[in-house]
Amino acid sequence: MANVIVIGAQWGDEGKGKITDLLSRSADVVVRYQGGVNAGHTIVVKGQTFKLHLIPSGILYPDTECIIGCGTVIDPKVLIGELDQLEELGINTNNLLISETAHVTMPYHRLIDNASEEQRGSHKIGTTGRGIGPTYADKSERTGIRMLDLMDPVGLRKQLSWTIAHKNVILEKLYNIPPLDPEQVIQEYLGYAERLRQYVVDTSLKIYDSIRRRRNILFEGAQGTLLDLDHGTYPFVTSSNPVAGGACVGTGLGPTMIDRVIGVAKAYTTRVGEGPFPTELDGEMGELLCAKGAEFGTTTGRKRRCGWFDAVIGRYAVRINGLDCLAITKLDVLDELDEIKVCTAYDIDGERSDHFPSSSRKFARCNPIYKTLPGWKVSTSDCRSWSELPKQAQDYLKYLAELMEVPIAIVSLGASRDQTIILEDPIHGPKRALLHADGTPVSLISA
């Protein structure tokens with residue numbers, strides 16, 4: 001039995017959907033623990049593409065129980081759309097469970113999100129406009145609507161009558177937006193409640209029962225470490241905690257029950273939205289990575305900013321999340337390059353730094369210090385074992401593992417499930433220490 005957390009080790013969009021889907025075949029339960037419809041997973045199975053925003057990737061396995069935890073914020077309209085889409089494709093959704101204490105995204109959250117971002121002007125932070133921040137804000141202000149409130153028609157009407165009247169003042173006076181009709185919103189969400197009622201339970205209890213039954217549990221986060229509200233490139237972050245610690249809070253699980261944490265990182269770096277990005281490539285190379293990697297957001301379709309691999313934020317992700325191993329994705333995107341650069345440290349105002357700075361203003365002044373490695377100039381998309389990879393690709397991966405002092409367990413070479421090299425099963429494989437007793441690194445690649 002193993003309880004494993006899968007997190008993004010960069011700015012999100014690292015390919016967590018594929019890795020979670022891949023590991024789900026060994027999992028009995030897959031749990032989503034934070035974020036909302038501002039994130040998306042794209043999974044390709046037998047040539048068929050699935051785009052999910054709220055439902056865990058494990059839903060594609062008929063015997064896997066899927067849970068949306070209390071740390072997630074739920075847009076019921078989007079969730080129902082996902083359920084309908086999956087059912088139309090013949091995917092059974094009866095194994096989905098939704099936390100009764102998860103908060104609900106309402107129409108006024110989306111309106112305020114978009115209006116607030118527009119009002120920021122040049123100070124915008126790059127929100128998706130899906131209402132996520134305002135939903136979490138209401139959660140913190142203790143005025144939010146939870147799934148259990150949605151299931152109570154009398155209580156919901158009473159709560160929303162006051163809340164919508166309050167939000168209408170903000171919409172009209174602050175943003176010059178027409179007010180919402182309280183009755184229309186109430187009726188709409190009562191309809192959603194009936195559609196979702198069968199799925200809503202105490203998921204914390206369900207997860208604890210699964211642990212007592214020694215079932216394998218996979219915890220998946222949205223976004224990535226550098227978008228974490230507390231540990232990311234603030235203020236250009238999301239409104240929740242994608243880091244590994246967020247899995248405990250977002251599911252109601254004690255930290256002593258977690259066995260392993262696997263970080264997912266691209267073989268290069270991308271980010272969506274505003275904020276500093278030291279290794280960003282603005283010219284032809286950035287366009288090449290974007291085109292070859294199909295770097296467009298699952299949720300918004302926005303073009304992703306592309307750059308070289310940043311080992312400074314990689315080491316930061318290892319430290320913040322307590323990573324046991326890494327999954328490196330999209331190695332094949334680098335196949336055509338003559339040479340590949342890796343950021344090993346930063347130059348900040350003339351001084352070398354090996355560490356990620358907390359200040360975004362200081363981070364914006366970071367200039368990458370690069371090491372250049374030779375490319376391999378052959379396709380890796382058909383490689384299915386370590387020995388089949390070109391030596392230069394092996395050397396590149398070894399170098400990344402050495403820089404971050406954590407072993408690489410999985411290498412992804414394309415979107416399909418079979419385009420993967422598994423060096424160590426993160427669920428069933430042994431948990432290895434980062435250092436030997438004498439302080440030297442462990443073997444970083446298991447060939």
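This is a predicted model: local features need pLDDT of at least 70, side-chain atom pairs count only at pLDDT 80 or more; totals for chains, interfaces and linings use all residues.

Biologist: Into which domains is the protein divided?

Modeller: There are two entries to read. Domain 1 is made of residues 2-87 + 202-422, and domain 2 of residues 103-199. The centres of the two domains, taken over C-alpha atoms, are 29 Å apart.

Biologist: How many residues of each domain are in contact with the other, and what area is buried between them?

Modeller: One begins with the residues that touch, and then turns to the area. Here 27 residues of domain 1 are in contact with 21 residues of domain 2. Together the domains bury about 2000 Å², and 61% of this area is on carbon and sulfur atoms.

Biologist: How many salt bridges and polar contacts are counted between domain 1 and domain 2?

Modeller: A salt bridge counts when a side-chain nitrogen of Lys or Arg is within 4 Å of a carboxyl oxygen of Asp or Glu. Three salt bridges are counted between domain 1 and domain 2. Arg 195 and Asp 84 also illustrate the rule, for their side chains meet in a salt bridge at 2.7 Å, N to O. Across the interface, six residue pairs are in polar contact.

Biologist: Which elements supply the side of domain 1 that touches domain 2?

Modeller: Strand 6 (73-74) and helix 2 (76-88) each supply at least two residues of that side. Helix 2 gives the largest share, seven residues. By class, this side of domain 1 has ten nonpolar, eleven polar and six charged residues.

Biologist: Where is Asp 347 found, and what does Asp 347 touch?

Modeller: Asp 347 is found in strand 16 (residues 339-348). Asp 347 counts as partly exposed because its relative accessibility is 28%. Leaving out residues up to four places away in sequence, Asp 347 touches Arg 365, Cys 366, Asn 367 and Ile 369. A polar atom of the Asp 347 side chain lies 2.9 Å from the backbone nitrogen of Gly 350.

Biologist: How many residues apart in sequence are Gly 12 and Ala 39, and how far apart are they in space?

Modeller: Sequence separation and spatial distance are read separately. Gly 12 and Ala 39 are 27 residues apart in sequence and 8.5 Å apart in space, C-alpha to C-alpha. Gly 12 is in the loop between strand 1 (3-8) and helix 1 (16-24).

Biologist: Which residues of helix 4 are buried, and against what do they pack?

Modeller: An α-helix has 3.6 residues a turn, so residues three or four places apart point the same way. In helix 4 (residues 132-141), the buried residues are Ile 132, Pro 134, Thr 135, Tyr 136 and Asp 138. These buried residues pack against strand 6, strand 8 (103-104), helix 3 (107-120) and helix 6 (153-174). Helix 4 is followed by Arg 142, whose phi is positive, near 65°.

Conventions: Residues are numbered from 1 along each chain as its sequence is written. Side-chain values use heavy atoms; hydrogens and water are left out. Domain bounds come from an automatic or database domain assignment. Contact means heavy atoms within 4.5 Å. Buried area is the accessible area (1.4 Å probe) that two parts lose on being put together, summed over both. A polar contact is a pair of N or O atoms within 3.5 Å; within protein, one must be able to donate a hydrogen and the other to accept it, and residues adjacent in sequence count only if both atoms are side-chain atoms. Helices (H or I, at least four residues) and strands (E, at least two) are DSSP runs, numbered from the N terminus. Ala, Val, Leu, Ile, Met, Phe, Trp, Tyr, Cys and Pro count as nonpolar, Asp, Glu, Lys and Arg as charged, and the others, Gly among them, as polar. Buried means under 20% relative accessible area, exposed over 50%, partly exposed in between (1.4 Å probe, protein chains only).
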